[in-house]
Amino acid sequence: GRDVMGDIHAHLAARSSAPSLALQLLCLQGLESWLAALAKQLTPAAASNRVFAAGLRERLESSLRWICRCWTHPCRQVNHLSPQLFQKTLALLRSAPRSLQPPVLPLVLALPRSHRGRYQALKMLLEADGPLAAGGE
């Protein structure tokens, strides 16, 4: 079967660095919708489906990198979406099998030390249940 969720994520990610601010914002809103749709589909049965799970961990890690990159974006409209997207991604990861959980802490620590986003993300990560900081198996 075709991986429609993977196709949608690839389409959004490919356009996430567009020069147009409107397109960047639209892609972030698309990512938020993608995460919501994924949360509805992420059942134990679906997670064990090879087509569904193939590449999902990498897409989740890519999404987290994208969100962290946006946290330091110079445009306030973009960087203000990052905390809620990060929180939604953590909630999704809490319900995901460990094998699908990418390591989150290294991505957060890659944010500049002087940036408040780093500390907001660390706080959210510390408040999250489970082994999200270390990632999957």
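L56 touches W34, L38, L42 and L100, leaving out residues up to four places away in sequence. The model is predicted. In this model, L56 is among the residues with the most contacts inside the largest nonpolar core, which has 41 residues.

**The nonpolar core**
- Besides L56, the residues with the most contacts inside this core are W34, L38, L42, F86 and V104.
- Two or more residues each come from α1 (4-15), α2 (21-41), α3 (44-47), α4, α5 (56-71), α7, α8 and α9 (116-127).
- The element that gives the most to this core is α5, with 8 residues.

**F52 in helix α4**
- F52 lies in α4, which spans residues 50-53.
- F52 has a relative accessibility of 13% and counts as buried, because this value is under 20%.
- Apart from neighbours within four places in sequence, the residues in contact with F52 are L38, Q41, L42, A46, A47 and R59.
- F52 and G6 are separated by 46 residues in sequence, whereas their C-alpha atoms are 8.6 Å apart in space.

**Q101 in the loop between α7 and α8**
- Q101 is found in the loop that runs between α7 (82-95) and α8 (105-109).
- With a relative accessibility of 4%, Q101 counts as buried, because buried means under 20%.
- The side chain of Q101 reaches the backbone oxygen of L93 at 2.8 Å.

Terms used:
Residues numbered from 1 in each chain as written. Predicted model: local features only at pLDDT ≥ 70, side-chain atom pairs only at ≥ 80, totals over all residues. Heavy atoms only, no water. Helix = DSSP H or I, 4+ residues; strand = E, 2+ residues; numbered from the N terminus. Buried < 20%, exposed > 50% of the residue type's maximum accessible area, 1.4 Å probe, protein only. Polar contact = N/O pair within 3.5 Å; in protein donor to acceptor, adjacent residues only side chain to side chain. Contact = heavy atoms within 4.5 Å. Core = buried A, V, L, I, M, F, W, Y, C linked by side-chain atoms within 4.5 Å.
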